[in-house]
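Hi,

Here is the structure I promised to pass on.

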Amino acid sequence: MSRPAHRRPEYHKINKDLFVLTYGALVAQLCKDYEKDEDVNKYLDKMGYGIGTRLVEDFLARSCVGRCHSYSEITDIIAQVAFKMYLGITPSVICNNSSRNEFSLILDKNPLVEFVEELPAGRSSLCYCNLLCGIIRGALEMVHLAADVTFLQDRLKGDSVTEIGITFLKKLDEKKYRRKK
Amino acid sequence: MADVVLFEFLHAEMVAELGARDPDPGPGGQKRSLSVLEGTGFRVGQALGERLPRETFREELDVLKFLCRDLWVAVFQKQMDGLCTNHQGTYVLQDNSFPLLIPMALGLQYLEDAPKFLAFTCGLLRGTLRTLGFQSLVTSSVATLPACKFQVEIRKS
């Protein structure tokens with residue numbers, strides 16, 4: 001090549017666009033393949049799970065997070081470190097119960113839906129971003145934390161915010177964590 | 001960069017799922033799976049083509065150089081390693097270390113799976129060219145992982 005391509009700032013945006021556009025094309029293809037919204041949602045969650053189980057290694061290598069002592073700390077890290085690192089956003093965290101194992105991530109901005117104005121016709125139950133739930137669930141499982149992750153609210157469905165609910169299913173075993181190095 | 005990783009993981013998952021979806025395990029099913037992946041890449045390429053910083057192209061070769069430099073850097077953080085042409089509308093783009101093949105570059109035994117990992121990118125090239133005003137046929141070949149070649153035939157309208 002005669003002229004070197006300098007790394008222009010617009011390329012960074014294209015990189016982000018690449019993921020968002022690819023995701024959109026994937027959802028479109030799944031909608032072609034599956035008539036029922038539940039099936040598309042399930043498939044997105046399944047694919048997200050596969051991604052999450054591998055993404056967590058990448059995340060731990062990049063972020064060097066220390067040991068966590070509570071579900072609250074873990075959820076904060078997901079919101080403030082992981083989401084920031086991969087999607088450039090920082091959802092706010094709310095704890096939903098006194099046993100402190102149910103949390104919500106409130107997404108003010110959602111880059112995944114940047115090019116989506118509304119759900120396709122006849123797809124009112126589609127959880128467009130369900131990949132995210134699968135990713136979180138898969139990543140948590142790789143660090144031995146079982147959790148239910150679902151969309152509680154979705155702007156695309158007409159709700160005022162987009163809210164992801166994380167419910168940790170087992171009691172966090174502190175002793176087990178201390179022994180892991 | 002972290003967001004690059006997200007795309008690579010998503011692509012790998014798409015290859016695993018969409019690339020194996022067809023119930024027919026024979027060549028017909030394979031072809032359909034590759035076609036689905038290629039079609040997805042085409043849609044993305046069309047949209048990406050609109051977002052790339054544009055230049056005026058004096059001739060067809062300039063467009064291919066643009067793909068090899070600008071598109072490849074924007075999408076894969078590297079330039080294409082080689083570009084050849086017969087000056088009659090056929091171009092061969094060579095990448096000696098294609099990022100989407102690297103995870104499976106475990107040797108020749110996985111060569112038969114390589115087309116699945118290239119189908120999306122073939123579509124991406126075809127889609128970008130379409131947005132830039134060119135109809136094309138894009139195919140790929142792999143001799144030794146992770147090196148690959150993309151053959152681009154510009155169709156005369």
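Starting with chain A as a whole, its accessible surface comes to about 9500 Å², and 51% of that belongs to carbon and sulfur atoms. Those areas come from the Shrake-Rupley method with a 1.4 Å probe, and for residues only the protein chains shown count as cover.

Before the rest, a word on the ground rules. This is a predicted model, where local features need pLDDT of at least 70 and side-chain atom pairs count only at pLDDT 80 or more, while totals for chains, interfaces and linings use all residues; side-chain values use heavy atoms, with hydrogens and water left out. Residues are numbered from 1 along each chain as its sequence is written, and chains are lettered from A and ligands numbered from 1 in the order in which they are written.

**The overall picture**

Chain A has 5 helices and 4 strands. Going from the N terminus, the order is α-α-α-β-β-α-β-β-α. Helices here are DSSP runs of H or I with at least four residues, strands are runs of E with at least two, and both are numbered from the N terminus. Of the 181 residues in chain A, 50% are buried. Buried means under 20% relative accessible area, exposed means over 50%, and partly exposed is in between (1.4 Å probe, protein chains only). Taking the contacts in chain A between residues at least 6 apart in sequence, 60% join residues at least 24 apart. A contact means heavy atoms within 4.5 Å.

**How the helices pack**

Two packed helices are described by the angle between their axes and the distance between the axes. The axes are lines fitted to C-alpha atoms, for helices over the stretch in contact, and the angles run from 0 to 180 degrees between N-to-C directions. Angles under 35 degrees count as roughly parallel, over 145 as roughly antiparallel, 65 to 115 as roughly perpendicular and the rest as oblique.

Let's take helix 2 (residues 37-63) and helix 4 (residues 130-142) of chain A: they pack at about 40°, with their axes 6 Å apart. Helix 2 and helix 4 of chain A are therefore oblique to each other. By class, the contact of helix 2 with helix 4 of chain A has 11 nonpolar, 7 polar and 3 charged residues. For these classes, Ala, Val, Leu, Ile, Met, Phe, Trp, Tyr, Cys and Pro count as nonpolar, Asp, Glu, Lys and Arg as charged, and the others, Gly among them, as polar.

One residue to look at in helix 2 of chain A is V56(A). V56(A) counts as buried, at 11% relative accessibility. Leaving aside residues up to four places away in sequence, V56(A) touches A139(A), M142(A) and V143(A). Between V56(A) and N41(A) there are 22 Å in space, C-alpha to C-alpha, and the two are 15 residues apart in sequence.

Helix 3 (residues 71-87) of chain A also packs with helix 4 of chain A, at about 120° and with the axes 13 Å apart. That makes helix 3 oblique to helix 4 of chain A. Here, I74(A), I78(A), F83(A) and L87(A) of helix 3 meet L132(A), I136(A) and L140(A) of helix 4. The contact of helix 3 with helix 4 of chain A divides into 7 nonpolar, no polar and no charged residues.

Finally, the axes of helix 2 and helix 3 of chain A come within 11 Å and cross at roughly 95°. Helix 2 and helix 3 of chain A are therefore roughly perpendicular.

**Some loops to check**

P91(A) is in the loop between helix 3 and strand 1 of chain A, and at 4% relative accessibility P91(A) is buried. R100(A) has a positive phi of about 55° although it is not a glycine; R100(A) sits in the loop between strand 1 (92-95) and strand 2 (102-107) of chain A. In chain B, the peptide bond from L145(B) to P146(B) is cis, with omega near -5°.

Cheers
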